[in-house]
Number of protein chains: 2
Amino acid sequence: MCRKGQGTEYELEDRVDYTAQLDTAIAKLHEEGRYRTFIDIERTRGQFPHAVWTRPDGEQQPITVWCGNDYLGMGQNPVVLEAMHEAVDATGAGSGGTRNISGTTVYHKRLEAELADLHGKETALLFTSAYIANDATLSTLPKLFPGLIIYSDELNHASMIEGVRRNGGSKRIFRHNDVAHLRELLEADDPNVPKLIAFESVYSMDGDFGPIEELCDLADEFGALTYIDEVHAVGMYGARGGGVTERDHLAHRIDIINGTLAKAYGVMGGYIAASYKMCDAIRSYAPGFIFTTSLPPAVAAGAAASVAYLKRTPELREQHQTQSKILKTRLKGLGLPLIDHGSHIVPVIVGDPVHTKNISDMLLADYGIYVQPINFPTVPRGTERLRFTPSPVHGPDEMNKLVHAMDALWSHCALNRAELAG
Amino acid sequence: MCRKGQGTEYELEDRVDYTAQLDTAIAKLHEEGRYRTFIDIERTRGQFPHAVWTRPDGEQQPITVWCGNDYLGMGQNPVVLEAMHEAVDATGAGSGGTRNISGTTVYHKRLEAELADLHGKETALLFTSAYIANDATLSTLPKLFPGLIIYSDELNHASMIEGVRRNGGSKRIFRHNDVAHLRELLEADDPNVPKLIAFESVYSMDGDFGPIEELCDLADEFGALTYIDEVHAVGMYGARGGGVTERDHLAHRIDIINGTLAKAYGVMGGYIAASYKMCDAIRSYAPGFIFTTSLPPAVAAGAAASVAYLKRTPELREQHQTQSKILKTRLKGLGLPLIDHGSHIVPVIVGDPVHTKNISDMLLADYGIYVQPINFPTVPRGTERLRFTPSPVHGPDEMNKLVHAMDALWSHCALNRAELAG
């Protein structure tokens, strides 16, 4: 950046005021009430969802986390932690390289085998996150299938949007879950061109399900590949945690399944599961796979232990669903504008970024309840919300406190009840 | 994918043969001799660079790793491992959320403070990898500075190229380290448009340094921001490991410093260090930061311990440089075509993908020496190479074995000596 006072003849004045431009970008967020302040929390192993919040003034306050994505509490499961400890002791901290250059270990191989088995696919491919798995895979597919058109649900996750946009490949955006619209778009394109339909099983902000079977039918009819993001479903749906595609017996009709190890599995990392040839081509052509250090062996070990554990623990999935049903029933009983599509996610619409942030702030400071406001661009403007994620480790006391606090605040803020309920 | 035999009227034949297209993509790699086979290795804590290779036939063979990026052996340093164990015990496995939604912990804050201090910047921002730090930051800057032109060194890392390309912002590619060419490009553009010059401190494949001071001078002259990738330098150069910009007292002239926690620091993750306003804007606008689960607390804890340790341990940096000098001197003594720009990286050019792979295979199978062949697209075609990364934990015996093996194989394969030496 041009620094004043260093005395070259060119510096009579800064030609571009970069600091002012940064100020403008940040001010825009404040004006729209969607500037994000990170809440600094510390979980204590075994105590989750209880945690300690370090307030901006440095004081510490006990809180209950109601917005985490550690949906089943696996982040503190002894089986997972033991596997991480063992791997650190056995092999050390990082992997020391990319997958191709000294960074492939038995831990990565075992986890990939565990995931392939989970989804009934030939193989799986690990990425450092499900974000990069989506981005890297979707942006690489047009290299493998020249002329590929990607048909993408309009509410797909940011990482899918980024992957579809990158490299300027052909894309068509279909209205959310609108199979008729997708059909129109498919019919309008050359039948001999490669196609891929990309969608999610559970859309995390409304908690609604994608019409997977109908989308697969369309894919068959038009000769398209299918790509599903099961990030908010793996571990939580299906007999062994294989997601909604396992629950609905549709996994064999999906060409590429994307999942995460950072939510229900409680650790970190992402993956795709697919045919051997598909994964072989993606790993060979995707810069986001090739040019980055692989996951630490301890992370891979913890994730593998978690996946294996949840395969054999359906009761945790049942408890999770029960908790969501109870919370929804109770919030509905208060007439709060709740969206309920039968999934585990509990979104309560406020509809204004400033109100949403205020309620969130009061819940945290006055009630020790931590639920982050969800604003644009995560959700469309006008649908700002609080999004609760009850889990098997939230007890009846915590649930009581949450319901009473929401009731009190809704009255205090004179907010509408049930107007926007889905 | 359209599956035969499901009997709809549309399925008389597949219109697109996706499997054949995958076969074509993979066959191309085999034909060019650059199909990658992952080597499955297991490090034993405390024994690195010794490891165990599981051969494709299932047999295990002891090997010495000569191509890792755990440059200083920090991946097995007890200080790092202890910090990871403690964090797993204290807080659990994953962070359970994005930075904004329950995924900011004291571990993340401490690591960011450690990194800001390392580079003398106001603050730092963690990403899940340096790859995504480059990609997300460089692709977000045009949103903050409308009309931004990015001037990018032609040999910048894939993650920088991806970031510069994404979103279709304006870019100019200057010839590698060619300050005169960069000047020409800057002179040809509107002086009142925002500009950024993006480059690396150490280019990892040739091991040469960027002309940082001259690039900063140009940035001052033309009122451009500066962005440096110090991924192959942090921890290894500078009095406290702040990279080449610390060694050369240039950090204050760089607007954004990118670094990794996965190489010299031996763990995982990446970051940028910059002004408070710059980091605040990036964290607010970059999808690759916003929409992904934060690093596990144990990873952040291990990385923070590693950064702090290397700040106070210059002798490890000195040993590292000494090891590289010894290896280079000995390989040069054999007349091998070595590139030597005075950095820690030791590339030996073979110049053909098939020969490179053959030598690598023989080193591994016959000598227990693991050095991965480096092929296109990691390096330009015709410059395929073996790239050695000696470290303080490689002893004199390992070095002797490597030198003798290279000498024997060079004769055996009748390869040229010194022709391509830089």
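The contact between the two chains takes 112 residues from chain B and 112 residues from chain A, contact meaning heavy atoms within 4.5 Å. The model is predicted: local features need pLDDT of at least 70 and side-chain atom pairs count only at pLDDT 80 or more, whereas totals for chains, interfaces and linings use all residues. Residues are numbered from 1 along each chain as its sequence is written, chains are lettered from A and ligands numbered from 1 in the order in which they are written, and side-chain values use heavy atoms, with hydrogens and water left out.

Together, chain B and chain A bury about 10,300 Å², of which 55% lies on carbon and sulfur atoms; buried area is the accessible area (1.4 Å probe) that two parts lose on being put together, summed over both. Of the area that chain B buries against chain A, 7% is supplied by B:Phe38, B:Asn100 and B:Phe291, more than by any other three residues.

Between chain B and chain A, 8 salt bridges are counted, each defined as a side-chain nitrogen of Lys or Arg within 4 Å of a carboxyl oxygen of Asp or Glu. In one of the salt bridges, B:Asp23 pairs with A:Lys277, with the closest N and O atoms 2.8 Å apart. Helix H1 (residues 18-31) of chain B contributes 9 residues, the largest share of the side of chain B that touches chain A; helices (H or I, at least four residues) and strands (E, at least two) are DSSP runs, numbered from the N terminus.

A rotation of 180° with 0.0 Å of shift along its axis superposes chain B on chain A with an RMSD of 0.0 Å, by least squares on the C-alpha atoms of residues with pLDDT of at least 70 in both. This is the relation of a two-fold axis. Both copies use the same surface, as 100% of the contact residues of chain B recur in chain A.

Over all chains, the salt-bridge count comes to 52. Within chain A, the side chains of A:Arg166 and A:Asp135 form a salt bridge at 2.9 Å, N to O. This pair links distant parts of the chain, 31 residues apart: A:Arg166 lies in the loop between helix H5 (158-165) and strand E6 (170-174), and A:Asp135 in helix H4 (residues 130-144).

As to confidence, the predictor gives the complex an ipTM of 0.93 and a pTM of 0.94. Chain A has a mean pLDDT of 93, with 95% of its residues at 70 or more, pLDDT being the predictor's confidence in each residue, from 0 to 100. Over residues 1-13 of chain A the pLDDT is below 50, and this stretch has 23 contacts in the model beyond near neighbours in sequence.
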